[in-house]
Amino acid sequence: MSSIDYEKDGAVGIVTMAKPPHNLIDNAMLEALMSAYETAVREGCRAILLRSGMRHFCAGADLDLLSLEQPDAQALARLWKALEDVPVPTVAAVHGAALGGGLELALTCDMIIAADTASFGMAEASLGLLPLLGGVQRVVQRAGPARAKELAMFGRRNDPRALERWGVINLVAAESELLDVAMSWARQLASGATVAFRGVKTLANLSARGGIDAADAQQVPMNDAMWASADQKRGLAAFAATGPGSAIFEGN
């Protein structure tokens with residue numbers, strides 16, 4: 001049985017973590033997750049929703065395997081970057097707990113929507129560890145160094161509304177409405193100007209990692225790709241004919 005399920009809903013690829021009991025992360029699960037993302041892109045999905053089919057979103061690394069697997073650090077960094085840089089928008093729908101690597105996994109997504117009953121935490125310090133998958137620096141990107149230190153050093157479980165205020169997550173929704181809200185966001189992204197969104201994502205990720213200069217260095221190629229797209233022409237033609245917000249984009 002696969003630890004990752006994938007289905008295509010219109011232009012949205014739904015990737016569901018399904019590893020009992022709590023989606024504990026190991027190498028095989030990460031490889032299956034990347035494979036599902038690649039399948040979604042190959043099948044023409046224009047957005048990806050990452051969710052859990054278990055009680056929790058993800059309770060972190062499988063500690064029983066952590067010392068045995070000893071993943072290659074460079075290979076893991078490449079995989080994590082590939083998850084972040086998948087060329088379509090990604091939305092995480094988080095319920096239950098997102099702890100340690102589970103929070104870090106959510107942070108690879110472009111946007112995070114959380115149930116009002118969810119909890120988030122970096123518990124690694126209680127084990128004498130630090131977050132192994134880039135969680136500290138990714139919280140710094142979203143909320144600043146003081147909040148990243150608070151999350152990582154205290155190791156407390158945090159209420160989603162606090163993380164929403166800090167800018168770590170995008171939106172809190174009622175638990176009963178989480179999947180509907182997250183799918184609504186994913187469908188809106190999937191119906192948008194996919195080429196332009198790819199440029200937005202690329203520039204934002206470059207800026208977050210390397211500063212404004214790194215993003216500026218790729219601004220012209222991103223502009224060129226956008227100007228060459230058919231959706232750009234559809235967007236301007238629809239604006240001229242029927243006003244803003246009337247374009248129907250096709251993703252090319």
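Where is the place of Asn23? Asn23 sits in the loop between β2 and α1, where helices (H or I, at least four residues) and strands (E, at least two) are DSSP runs, numbered from the N terminus. The model is predicted: local features need pLDDT of at least 70, side-chain atom pairs count only at pLDDT 80 or more, and totals for chains, interfaces and linings use all residues. Residues are numbered from 1 along each chain as its sequence is written, and side-chain values use heavy atoms, with hydrogens and water left out.

- Although Asn23 is not a glycine, its phi is positive, at about 55 degrees.
- Asn23 is buried, with a relative accessible area of 0%; buried means under 20% relative accessible area, exposed over 50%, and partly exposed in between (1.4 Å probe, protein chains only).
- Pro21 is also placed in the loop between β2 (12-17) and α1 (27-42).
- The peptide bond that runs from Pro20 to Pro21 is cis, its omega being near -5 degrees.

**Salt bridges**

- The structure contains 11 salt bridges, a salt bridge being a side-chain nitrogen of Lys or Arg within 4 Å of a carboxyl oxygen of Asp or Glu.
- Side chains of opposite charge can pair when their charged atoms come close.
- One of the salt bridges joins Asp9 and Arg187, with the closest N and O atoms 3.3 Å apart.
- Asp9 belongs to strand β1 (residues 4-9) and Arg187 to helix α8 (residues 178-190), so this pair ties together parts that are 178 residues apart in sequence.
- Both partners are partly exposed: Asp9 has a relative accessible area of 30%, and Arg187 has a relative accessibility of 42%.
- Glu150 and Arg147 form another salt bridge, in which the closest N and O atoms are 3.0 Å apart.
- Because Glu150 and Arg147 are 3 residues apart in helix α6 (residues 145-154), about one helical turn separates them.
- Arg147 is partly exposed, at 32% relative accessibility.
- A salt bridge also connects the side chains of Glu250 and Arg234, at 3.1 Å from N to O.
- This pair links distant parts of the chain, 16 residues apart: Arg234 is in helix α12, and Glu250 is in the segment after α12 (230-242).
- Arg234 counts as partly exposed, its relative accessible area being 23%.

- Glu250 touches Arg46, Asp231 and Arg234, leaving aside residues up to four places away in sequence; contact means heavy atoms within 4.5 Å.
- The C-alpha atoms of Glu250 and Ser191 are separated by 7.3 Å, while these residues are 59 residues apart along the chain.
- Leu203 is part of helix α9 (residues 194-210) and is buried, with a relative accessible area of 15%.
- With residues up to four places away in sequence again not counted, Leu203 touches Ala215, Gln218, Gln219 and Met222.
- Leu203 and Ala215 are 12 residues apart along the chain, with their C-alpha atoms separated by 5.1 Å.

**Surface and exposed positions**

- Leu63, Leu127 and Leu129 make a nonpolar surface patch of about 270 Å².
- Patches are made of residues with over 30% relative accessible area and no salt bridge, with like charges joined within 9 Å and nonpolar side chains (Val, Leu, Ile, Met, Phe, Trp, Tyr) within 5 Å; accessible areas come from the Shrake-Rupley method with a 1.4 Å probe, and for residues only the protein chains shown count as cover.
- Within this patch, Leu127 lies in the loop between β7 (119-121) and α5 (135-143) and is exposed, at 53% relative accessibility.
- Asp64 is located in helix α2 (residues 63-69) and is exposed, with a relative accessible area of 64%.
- The C-alpha atoms of Asp64 and Asp26 are separated by 9.7 Å, the two residues being 38 residues apart along the chain.

**Aromatic rings**

- Arg156 lies over the face of Phe154, at 4.2 Å from the ring centre; a charge sits over a ring if NZ of Lys or CZ of Arg is within 6 Å of the ring centre and within 35 degrees of the ring normal.
- The structure holds 0 aromatic pairs, where rings of Phe, Tyr and Trp (its six-membered ring) pair if their centres lie within 6.5 Å, with planes under 30 degrees apart counted as stacked, over 60 as edge-to-face and the rest as tilted.
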